[in-house]
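Q: Could you take me through this chain, beginning with the overall layout and then going residue by residue?

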Amino acid sequence: MKCPVCSYPESKVIDSRPSADNSTIRRRRECLSCQKRFTTYEIIETVPLIVVKRDKSRESFDRNKLLRSIIRACDKRQVSQDQMEAIATDIQTQLQNSLQSEVTSTFIGELVMEKLKEIDEVAYIRFASVYRSFKDISQFLDEISNLNK
């Protein structure tokens with residue numbers, strides 16, 4: 001790291017602290033030449049994630065939109081806010097770790113259903129009914145019978 005005062009190319013780290021949300025690291029450094037101290041911040045560089053929707057349109061991944069759909073499916077169920085946040089975080093992390101720049105909304109929907117099935121079957125059916133666009137009661141019954149297997 002180049003010193004902002006004398007431009008010497010080497011410094012030593014005196015102190016490191018993560019931010020409150022662990023998204024950045026603050027480092028206090030000291031120049032090995034002039035002994036001036038300065039602060040640097042490290043952030044994780046992420047590849048922007050694009051969601052390809054069913055109609056082939058594209059939009060940026062929005063964690064809040066994902067969380068809203070999970071909350072809607074879990075409405076009036078015994079699923080805590082922390083559990084819903086954890087599902088959204090797990091899915092977002094999984095998508096970012098895949099190192100793909102584009103992901104389909106279908107894939108995201110399948111991930112949500114997989115997570116909801118583990119936590120609450122009613123929330124799973126609610127989400128599946130919207131996600132798979134159930135047209136009548138027979139589709140609900142088919143999904144419930146598949147759930148029971």
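Predicted model: local features only at pLDDT ≥ 70, side-chain atom pairs only at ≥ 80, totals over all residues.

Q: How many helices and strands does the chain have?
A: The chain has five helices and six strands. Along the sequence, the elements follow the pattern β-β-β-β-β-α-α-β-α-α-α.

Q: What radius of gyration does the chain have, and what would a compact globule of 149 residues have?
A: The chain has 23 Å, while a compact globule of 149 residues would be near 15 Å. Taken along the principal axes, the C-alpha atoms fill a box of roughly 75 × 35 × 25 Å.

Q: What share of the residues count as buried?
A: Of the 149 residues, 30% count as buried. As for contacts between residues at least 6 apart in sequence, 38% of them join residues at least 24 apart.

Q: Turning to the helices, which residues of H1 are buried?
A: Helix H1 spans residues 63-73, and its buried residues are Arg63, Leu66, Leu67, Ser69, Ile70 and Ala73. Viewed down the axis of H1, these buried residues fall within an arc of 160°, so they line one face of the helix.

Q: What covers the buried residues of H1?
A: The cover includes helix H2 (81-97), helix H3 (105-119) and helix H4 (121-131).

Q: And what caps the N-terminal end of H1?
A: Asp62 does: one of its side-chain oxygens lies 3.0 Å from the backbone nitrogen of Asn64.

Q: Which residues touch the most other members of the largest nonpolar core?
A: That core has 28 residues, and those touching the most other members are Leu66, Ile70, Leu95, Ile108, Val112 and Leu116. At least two core residues come from each of H1, H2, H3 and H4. H4 supplies the largest share, six residues.

Q: Staying with Leu66, what does it touch?
A: Setting aside residues up to four places away in sequence, Leu66 touches Phe61, Ala88, Ile91, Ile108 and Val112.

Q: New topic: how many disulfides does the structure hold?
A: The structure holds zero disulfides. Cys6 is in no disulfide, and the nearest cysteine sulfur to it, that of Cys31, is 3.6 Å away.

Q: What are the relative accessible areas of Cys6 and Cys34?
A: Cys6 is partly exposed, with a relative accessible area of 34%. Cys34 is also partly exposed, at 27%.

Q: Which residues does Val5 touch?
A: Val5 touches Cys34 and Lys36, not counting residues up to four places away in sequence. Val5 is found in the segment before S1.

Q: Is Val5 buried or exposed?
A: Val5 counts as exposed, at 58% relative accessibility.

Q: How far is the C-alpha atom of Val5 from that of Phe38?
A: The two C-alpha atoms are separated by 9.0 Å, and the residues are 33 apart along the chain.

Q: Now Thr40: where does it lie, and is it buried or exposed?
A: Thr40 lies in strand S3, residues 37-43. Thr40 counts as buried because its relative accessibility is 12%, under the 20% cut-off.

Q: What polar contact does the side chain of Thr40 make?
A: The side chain of Thr40 makes a polar contact with the side chain of Arg29, at 3.2 Å. Apart from neighbours within four places in sequence, Thr40 is in contact with Met1, Ile25, Arg26, Arg27 and Arg29.

Q: Finally, the backbone: what phi does Ser7 have?
A: Ser7 has a positive phi of about 65°, although it is not a glycine. Most residues other than glycine have a negative phi. Ser7 is found in the segment before strand S1 (11-18), and it is partly exposed, with a relative accessible area of 42%.

Q: And what phi does Lys56 have, and where is it found?
A: Lys56 has a positive phi of about 75° and is not a glycine either. Lys56 is found in the loop between strand S4 (50-52) and strand S5 (58-60). At 62% relative accessibility, Lys56 counts as exposed.

Methods:
Residues numbered from 1 in each chain as written. Heavy atoms only, no water. Helix = DSSP H or I, 4+ residues; strand = E, 2+ residues; numbered from the N terminus. Buried < 20%, exposed > 50% of the residue type's maximum accessible area, 1.4 Å probe, protein only. Polar contact = N/O pair within 3.5 Å; in protein donor to acceptor, adjacent residues only side chain to side chain. Contact = heavy atoms within 4.5 Å. Arc of directions from axis to C-beta. Core = buried A, V, L, I, M, F, W, Y, C linked by side-chain atoms within 4.5 Å. Disulfide = S-S within 2.5 Å. Rg over C-alpha atoms; globule rule 2.2 N^0.38 Å.
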